[in-house]
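Thanks, everyone. Let me take you through the pockets and then the helix packing.

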Amino acid sequence: MRTPLSVSILLIIIVLFGITACPSGKDQLPEAEITPVHKIRIYALDWHQQSGFNSAVISEFERQNRCAVEVISFPTTAELLAALEKVSAEDSLDVVLGLDNAFSLSTDLSAYFRSDHDISLSRIERRIRNEAEPFLIPYARANVALLYNQRVINDPPESFGELQDSRFMNQLICLDPAVSGVGRTHLLWSLALFGEDGYRQLWSSLRKNIRGNVKSWNEGLSMLQKGEAGLMIGFSGTEIWLSETDPARSNVKASRFKEGSYQYVEYSAIHHLSPQPELSAKFIEHLIDPVTQLHTIYKLGLFPVNDTTIMPAKYASIPFSTYVLNDRLSNDAVREGMEGWLLFWEHLFSYGFTRSHPSTHRSLPT
């Protein structure tokens, strides 16, 4: 039979064990304290959402800042910009992702965004910054290249001159520059190379080789991977990105043209009606953090803009210093000429060429 003293000692031991076994208040926050206290809304592009880029970037930011992030995505750049025109204070839009240098060259976006963000760009290469439009903060970049399915094309062209060869008839996928930022980039690439008259001659000559004029990056890339066409204008890093993310379908390679390339840059921006401008600035600072920047490589196949980001070995081997031609086109020239250039593109596909429906594509051998 236990004595009162032994019972007391046993009770003390049980209490002490209970205290040490249970997490303290410092380690386990009450539910009220982990509930998000702020929310920001982001506009982005569908291919960012589908690639997992948005969720990879957002999840850590939400945890660090005890906030919720809502993403609304759009199939094309043109649809994203059309939605911007309708935003009111009640919509609570904070940040926009997926803006690119091709659309920003040809469209005045200054009325939509804040320039007084105090976000440091010191780690971003100067030639990538848009100092004329400081409301645009770059977070990803790439050089344009010709992608090809090596199961369909075993001897790819290495210049626009070779691309005009009739052996590539009905093989080239183009992205519509009226709606796609990537498409508008390859239109500007041809203008930078060949000028106002030369680009018309080029695309008129290429018309026989164009399989389709699609609206989105994912649509075009899917056609290329399936072998529904052999060629597509895309990015120099896409080859390695696909080999890492989708090894079973890594038959897509990149050909870098001898004439030089055009640099594609993606921007973020804070909407001028944002109810959370400070938290929005924090999100963009998170986006261009060197660790977060790795997601631009692994999720989008694009390159980071932060100079301190440590590049994976495979991507570091890609010659990013290819001669780029962006400086040949001024903002004024692009804004003045874009309407006519897009009209020419529309006419290029409006007669003698039938836009094939996806269900009617004849798959080429894979």
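Start with the second largest pocket: its lining has five nonpolar, six polar and two charged residues. On classes, Ala, Val, Leu, Ile, Met, Phe, Trp, Tyr, Cys and Pro count as nonpolar, Asp, Glu, Lys and Arg as charged, and the others, Gly among them, as polar.

A word on what you are looking at. This is a predicted model, where local features need pLDDT of at least 70 and side-chain atom pairs count only at pLDDT 80 or more, while totals for chains, interfaces and linings use all residues. Residues are numbered from 1 along each chain as its sequence is written, and side-chain values use heavy atoms, with hydrogens and water left out.

Back to that second pocket. It holds about 260 Å³ of space. Of its 13 lining residues, the closest to the centre are Asn 218, Leu 221, Gln 225, Trp 241 and Leu 242. Helix H3 (46–51), H9 and H10 each give two or more residues to the lining. H9 has the largest share, with four residues.

Definitions, quickly. A pocket is found on a 1 Å grid over the protein atoms alone, as an open set of points where a 1.4 Å probe fits, with protein on both sides within 12 Å along at least five of seven lines; lining residues have an atom within 4 Å of a point. Points are joined across faces, edges and corners, and the volume is the space filled by probe spheres set on them. Helices (H or I, at least four residues) and strands (E, at least two) are DSSP runs, numbered from the N terminus.

Now the largest pocket. Its volume is about 480 Å³. It has 20 lining residues, and the closest to its centre are Asn 101, Arg 127, Tyr 267, Asn 326 and Asp 327. Helix H6 (101–106) and strand E9 (263–270) supply at least two residues each. By class, the lining is eight nonpolar, seven polar and five charged.

On to packing. What angle do H9 and H10 make? H9 (residues 217–226) and H10 (residues 238–245) pack at about 75 degrees, axes 14 Å apart. Axes are lines fitted to C-alpha atoms, for helices over the stretch in contact, and angles run from 0 to 180 degrees between N-to-C directions. H9 and H10 are therefore roughly perpendicular. Trp 217, Leu 221 and Gln 225 in H9 meet Thr 238, Trp 241 and Leu 242 in H10; contact means heavy atoms within 4.5 Å. That contact has four nonpolar, two polar and no charged residues.

Next, H4 (residues 53–65) and H11 (residues 277–287). Their axes come within 10 Å and cross at roughly 125 degrees, so H4 and H11 are oblique. The crossing is right-handed: the near helix is turned clockwise from the far one by less than a right angle, whereas anticlockwise is left-handed.

Last pair: H8 (residues 181–206) and H14 (residues 331–348). The axes come within 11 Å and cross at roughly 70 degrees. That makes H8 roughly perpendicular to H14. This crossing is left-handed.

How values were computed
Angles under 35 degrees count as roughly parallel, over 145 as roughly antiparallel, 65 to 115 as roughly perpendicular and the rest as oblique.
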